[in-house]
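Here is a report on one protein model. Look at the fold first, then read on.

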Amino acid sequence: MKAPLPLEDLRAIVAGPVLGTSDGGFAEEVSAFNRAFIRTPDVAVGATSEADVVEAVRFAAAHNLRVRMQATGHGAESAITDGLLITTQRLYALSVDGGSRIARIGAGVRWGSVLTAAEPLGLTAITGASGNVGAIGYTLGGGVGPLSRSHGVSSDYARGFRLVTADGSIVTADAEENSDLFWALRGGKGGFGVVTEMQFELVPLTALYAGSIFFDTPHIETVLRSWIDWSASADATVTTSFAIMRLPDFDAIPQPLRGRTVLNLRFAYPGGETEGKRLATPLRELAPAIIDTIGVLPASQVGTIHNDLTEPGPGWVTGGLLNDLDQDFATELLATVGPDQQVPFIVVEIRQLGGRTFVDVPEGSAVGGRASGYTLSLVGVPNPDLFAQVLPAVANQVMSAIAPWISPETTINFAGDGSDAEQFGKAWPSAISERLSSLRMQWDPTGLFAYGPPAG
Ligand SMILES: Cc1cc2nc3c(=O)[nH]c(=O)nc-3n(C[C@H](O)[C@H](O)[C@H](O)COP(=O)(O)OP(=O)(O)OC[C@H]3O[C@@H](n4cnc5c(N)ncnc54)[C@H](O)[C@@H]3O)c2cc1C
C-alpha cells in the first residue's frame, strides 16, 4: 500500500490542477488521444506555467515519483500506472517573429496552431502529417512529414529549447549553450527533462501542389509496383507515400470509399502548379482514380494530404524503416498485407524518405535512420482485445516476410511502442544511442524521467 502523498503541499505552490486518482477531473486530465492504455499515475499536474513544471518536478524528486509528460497523448503507447504525469496542454503560448522567421512554441501547442500563426506572414512550418500532433513531442523524435524529402526532418528546424531538468533547473539548449543537450533533443526524444518552449525556424512557403489519389482494389498491385519503381528515381523535391487502407462501412467515410480496400497515394511538391502537375503526371497515369485531390494547396493545409483521424480512440501502431525497395519486396508485401489477405490492419503505410532526410544538420543531431529510404507503419484495427497478442503476432509475420528490406535502425517516431526494449534498441544507430544514454545519465542521473523500456 502506497503512503498518501501530501498533494496539499503541491497545490499550495502550483497554479494548475493537482489531482490524485480519486479527485474529480482526474480521468479527463490524464486522458490521451490514444485511449487504449490505462492511465493511473499517482498524481497528475496540469501545468499552467514553467514555474508549475519546476514545482512538479521538485515534488516528484522529493517523493520518489517518476515523471512523465503529456501534451496531446498521440504518443501514448503503453500504460502509466505510477508516478507523476505533467500535462502541458495549458502551455499554449505561441509567437512568430516574421523578421527572424522564428516561432516560439509552448509545450502544449499543436502543429495546426503554428501553421495558422505562420500563414499571414507568408511562412510555414515543416511539420508531420497531422496538425493535431503536439509540436514539441513530435520534434523531439526528429519528425518525418509530407515535406520531408524537399525540406528534411522537422528537428532540423529546431533552433533552441528551454527545459526543466531533473534538479528543477531551467536550462537553455541551443547551438551556443548546452550544445550537447541541443544535439540530443533533436531526435533523441526523452529522458532529459520537460521542454517548456521550443524555438523553431519557419520557411517562406505559402502554397504547395499537393493532395492524394485513391485507387480502387483491382489497381492496388499495379500502383504499388509502379510506385516502387518510380520512387527509385523520384525528384528529390517531391515527397510521396502510399497507404493500403481497409476502410469501414461508416457514414463518416466518403461514399465511394466506404467499406473498400483502397490504395491512397500522397503527393507533395513545395512549388508551383505547372511544375507540380508535370511531376504528378506519371503517378496520375498509373491507373484510374476513385478520388484525386492533388492541386494547389495552402501550405497551412498540409494536414489534409494524409487526412489522419482527429478523434481520440484506441490505437495500435508499429513500424520501422526500410532500405531500397524492389519488385521482390512488392511480392512479399502483397502476399502478407495485400488486398486479398485477411489482416487486422486498417492502414499499411510506406513513406519515401531521401533527399534532405539523408542530410544531417551541419552540427549533427540525434535523429536515427538517416540512411534509410522508406518508413513503414502498420496500424491495427482499433480493437484493444487484439493489441496485446494478435496484432504483434501478425505484425511479426509481416516483418519476417519483408526482413531483407528492413533497415537495422529506425527513427523513434516510427518505432512503435518506445517501452518495448527491442524497438527502443533499434531506434538509433549504436553510436548515437550510446551518446544519448550518457547524456541522459548526465542530465538525469537518478532516472527521474521515465523513458524507454522499464529498467531491469
Ligand atoms: C495520428 C498520428 C499522426 C502522426 N504523424 C506523424 C508524422 O507524420 N511524423 C512523425 O514523425 N510522427 C508522427 N506521429 C508520431 C508522433 O510524432 C509521436 O507520437 C509524438 O510523440 C507525439 O507527440 P505529442 O506531444 O503529440 O504526444 P504525447 O503523447 O503527448 O507525448 C508523447 C511523448 O513526447 C514527449 N513529450 C511530449 N511533450 C514533451 C515535453 N514538453 N517535454 C519533453 N518531452 C515531451 C514525451 O516523451 C511523451 O511521452 C503521429 C502520431 C499519430 C497518433
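Is Met399 buried, partly exposed or exposed? Met399 has 16 other C-beta atoms within 10 Å, so Met399 is partly exposed. The scale works like this: a residue is buried if 20 or more other C-beta atoms lie within 10 Å of its own, exposed if 12 or fewer, and partly exposed in between, with C-beta atoms placed from the backbone. Met399 sits in helix H11 (residues 390-401). Helices (H or I, at least four residues) and strands (E, at least two) are DSSP runs, numbered from the N terminus. Met399 and Gly83 are 316 residues apart in sequence, and their C-alpha atoms are 34 Å apart in space.

This is a predicted model: local features need pLDDT of at least 70, side-chain atom pairs count only at pLDDT 80 or more, and totals for chains, interfaces and linings use all residues. Residues are numbered from 1 along each chain as its sequence is written.

**The mixed sheet**

Start with an open sheet. It has 4 strands in the order S1-S2-S4-S3, and the pairing is mixed. Two strands pair if DSSP finds at least two bridges between them. Strand S1 (18-20) and strand S3 (67-70) are the edge strands, and each pairs on one side only. From one strand to the next, the twist averages 20 degrees. Such angles run from 0 to 180 degrees between N-to-C directions, and the axes are lines fitted to C-alpha atoms, for helices over the stretch in contact.

Strand S4 (residues 84-87) runs parallel to S3, and 4 bridges join them. Met69 has Ile86 in S4 as its bridge partner. Arg68 is partnered by Leu85 of S4. On another pairing, S2 and S4 are parallel over 4 bridges. There, Val43 stands opposite Leu84 in S4.

Which way do the residues of S4 point? Leu84 and Ile86 point one way, Leu85 and Thr87 the other way, and all are buried. In a regular strand the side chains alternate between the two faces of the sheet.

Helix H3 (residues 50-62) lies across strand S2 (43-46), S3 and S4, and runs at about 175 degrees to S4.

**The antiparallel sheet**

Another open sheet has 5 strands, in the order S5-S6-S10-S8-S9, with antiparallel pairing. Strand S5 (94-97) and strand S9 (170-174) each have a single partner strand, so one side of each is left without a neighbour in the sheet. Neighbouring strands are turned by 15 degrees against each other on average, direction ignored. Helix H4 (residues 111-118) packs on the sheet and touches S5 and strand S6 (102-106). The direction of H4 makes about 35 degrees with that of S5.

Strand S8 (residues 158-164) pairs with S10 in the antiparallel sense over 6 bridges. Ala158 stands opposite Phe200 in S10.

**Around the ligand**

How many residues surround the ligand? The number is 31, and the closest are Gly75, Gly128, Gly134, Gly137 and Asn413. A residue counts as near if its C-beta atom, placed from the backbone, lies within 6 Å of the molecule. S3, helix H5 (135-140) and strand S10 (194-201) each supply at least two residues of this shell. H5 gives the largest share, 4 residues.

By class, the shell has 13 nonpolar, 15 polar and 3 charged residues. Ala, Val, Leu, Ile, Met, Phe, Trp, Tyr, Cys and Pro count as nonpolar, Asp, Glu, Lys and Arg as charged, and the others, Gly among them, as polar.

Why does the shell lie between two domains? Domain 1 (10-87) and domain 2 (94-204) both give residues to the shell, so it lies between them. The domain bounds come from an automatic or database domain assignment.

**Loop residues**

Most residues other than glycine have a negative phi.

Asn64 is exposed, with 9 other C-beta atoms within 10 Å. Asn307 has 14 such neighbours inside 10 Å and counts as partly exposed.

Val343 is found in the loop between helix H10 (327-337) and strand S18 (345-352). With 19 other C-beta atoms within 10 Å, Val343 is partly exposed. The C-alpha atoms of Val343 and Asn64 are separated by 44 Å.

Key: Two residues are in contact if their C-beta atoms, placed from the backbone, lie within 7 Å.
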